[in-house]
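I opened this notebook to keep track of what I looked up in one structure. The entries follow the order in which I looked.

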Amino acid sequence: DSPSLEAFFPRLLRSFTEHAQAVDFAAIYLEEGGSLRLRAGVGLPAGARALGDRLAAQVARERGPVEAG
């Protein structure tokens, strides 16, 4: 784990959510040891973590973008 990345990810997500009008929350997942791990999240409402985990798993399976909804 890099302390610089641990500090950078939340700042990146806060900036993204502040400037992207259609974004309410954001998360960064990274692959570690064959599993996806939530490394940063901003504005995550209750239940968003479970949704994010499912979407991240789908992205990993499909190896491409997916649509939430």
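**Entry on helix H2.** I began with Arg-49 and Asp-53, which both lie in helix H2 (residues 48–62), four residues apart, about one turn of the helix. Helices here are DSSP runs of H or I with at least four residues, strands are runs of E with at least two, and both are numbered from the N terminus. Arg-49 and Asp-53 form a salt bridge, with 3.4 Å between the closest N and O atoms. I used the term for a side-chain nitrogen of Lys or Arg within 4 Å of a carboxyl oxygen of Asp or Glu. Arg-49 is partly exposed at a relative accessible area of 47%, and Asp-53 is partly exposed at 33%. The cut-offs are under 20% relative accessible area for buried, over 50% for exposed, and partly exposed in between, with a 1.4 Å probe and protein chains only.

**Entry on the source.** I noted that this is a predicted model, in which local features need pLDDT of at least 70 and side-chain atom pairs count only at pLDDT 80 or more, while totals for chains, interfaces and linings use all residues. Residues are numbered from 1 along each chain as its sequence is written, and side-chain values use heavy atoms, with hydrogens and water left out.

**Entry on the other salt bridges.** How many salt bridges does the rule give? The count is four. Salt bridges that share partners join Glu-6, Glu-32, Arg-37 and Arg-39 into one network. I looked up two of the contacts of Arg-39. In the salt bridge of Glu-6 with Arg-39, the closest N and O atoms are 1.9 Å apart. Glu-6 lies in helix H1 (residues 3–19) and Arg-39 in strand E2 (residues 35–42), so this pair ties together parts that are 33 residues apart in sequence. Glu-32 also forms a salt bridge with Arg-39, at 2.2 Å between the closest N and O atoms. Is Arg-39 buried or exposed? Arg-39 is buried, at 13% relative accessible area. Glu-6 is partly exposed at 30%, and Glu-32 is partly exposed at 27%.

**Entry on the largest pocket.** I looked up its volume and found about 300 Å³ of space. Of the 14 residues that line the largest pocket, Ala-27, Tyr-29, Gly-52, Leu-55 and Ala-56 are the closest to its centre. A pocket is an open set of points on a 1 Å grid over the protein atoms alone, with protein on both sides within 12 Å along at least five of seven lines, and lining residues have an atom within 4 Å of a point. Strand E1 (26–32) and H2 each supply at least two residues of the lining. H2 gives the largest share, seven residues. By class, the lining has twelve nonpolar, one polar and one charged residues.

**Entry on aromatic rings.** The rule gives one aromatic pair. The rings of Phe-8 and Phe-9 have centres 6.3 Å apart and planes at 50°, so the pair is tilted. Rings of Phe, Tyr and Trp (its six-membered ring) pair if their centres lie within 6.5 Å; planes under 30 degrees apart are stacked, over 60 edge-to-face, and the rest tilted. Phe-8 is partly exposed at 37%, whereas Phe-9 is buried at 10%.

**Entry on Arg-63.** Most residues other than glycine have a negative phi. Arg-63 is not a glycine, yet its phi is positive, at about 55°. Arg-63 is found in the segment after H2, and Arg-63 is exposed, with a relative accessible area of 75%.

Note on methods:
1 Å grid on protein atoms, 1.4 Å probe; cavity = no way out; pocket = protein on both sides within 12 Å on 5 of 7 lines; lining within 4 Å. Points joined across faces, edges and corners; volume = space filled by probe spheres on them. Nonpolar A, V, L, I, M, F, W, Y, C, P; charged D, E, K, R; others polar.
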